[in-house]
Amino acid sequence: TRGMVLGFGGRVMDDSMPKYLNSSDGPTFNKSFNLFGLNLAAKVRPLEFLILVEGYMDVIALHQYGFPQAVATLGTSLTPGQAKLMRRFASEVYIAYDGDEAGQKATMRALDILNEAGCRARVIRFPENLDPDDILKQYGPEYLKKLLDKSLSLLDYKLSKLREKYDLNSTEGKVD
């Protein structure tokens, strides 16, 4: 949060594995308690909200397109420690994970972790399984702003996922 180097992270630009390679955890670097880009987001005044994304490239793209509130976990799922850290800087967090299945599962986990840390969590839904970087490149920052404005609260998002899972036109679906 003070802008000092804690470790290094790299990401492949093709499909090779591992996708991310980070410094090992040590006395000054612990992935579970740090967020990529938080040192820059913390400079925003007033910092009304944070945008939580999956990776470095999304943070970089969001910053380039005028969204300096973007932060990312460091190659891991959101931890309670990271959620508490975010809460120190902003009470509202927009989850902008990828639209694919893995991103949506991570969103469900992150909602509960953020809620337990005292954050008001909202979810940005991306069409066509796109990620924030894709959205910005294809549609521009104004479109992302519209998605922010149409984001769903924790309860609305969870209800929407249940509506997708169950047939609400049948009695059994409604009971389930």
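The protein chain has a secondary structure of 8 helices and 7 strands, where helices (H or I, at least four residues) and strands (E, at least two) are DSSP runs numbered from the N terminus. Please keep in mind that this is a predicted model, in which local features need pLDDT of at least 70 and side-chain atom pairs count only at pLDDT 80 or more, while totals for chains, interfaces and linings use all residues. Residues are numbered from 1 along each chain as its sequence is written, and side-chain values use heavy atoms, with hydrogens and water left out.

Let me start with the overall dimensions. The C-alpha atoms of the protein chain fill a box of roughly 55 × 35 × 35 Å along the principal axes. Of the 176 residues, 42% count as buried, where buried means under 20% relative accessible area, exposed over 50%, and partly exposed in between, with a 1.4 Å probe and protein chains only.

Now to the sheet. The order β4-β3-β5-β6-β7 describes an open sheet of 5 strands with mixed pairing, and two strands pair if DSSP finds at least two bridges between them. Because β4 (70–72) and β7 (152–153) each have a single partner strand, they stand at the edges, and one side of each is left without a neighbour in the sheet.

What covers our attention next is strand β5, residues 92–95. On one side Glu-92 and Tyr-94 are buried, and on the other Val-93 and Ile-95 are buried, so that both faces of β5 are covered. In a regular strand, the side chains alternate between the two faces of the sheet. Strand β3 (residues 49–53) runs parallel to β5 and is joined to it by 4 bridges, with Leu-50 opposite Val-93. On β6, β5 also pairs in the parallel sense over 4 bridges, and Glu-92 has Arg-120 as its bridge partner there. Together with helix α4 (residues 101–116), β5 and β6 make a right-handed β-α-β unit; right-handed means that, with the strands pointing away from the viewer, the path from the first strand over the helix to the second runs clockwise.

Lastly, β6 (residues 120–123) and β7 pair in the antiparallel sense over 2 bridges, and Val-123 stands opposite Leu-152 in β7.
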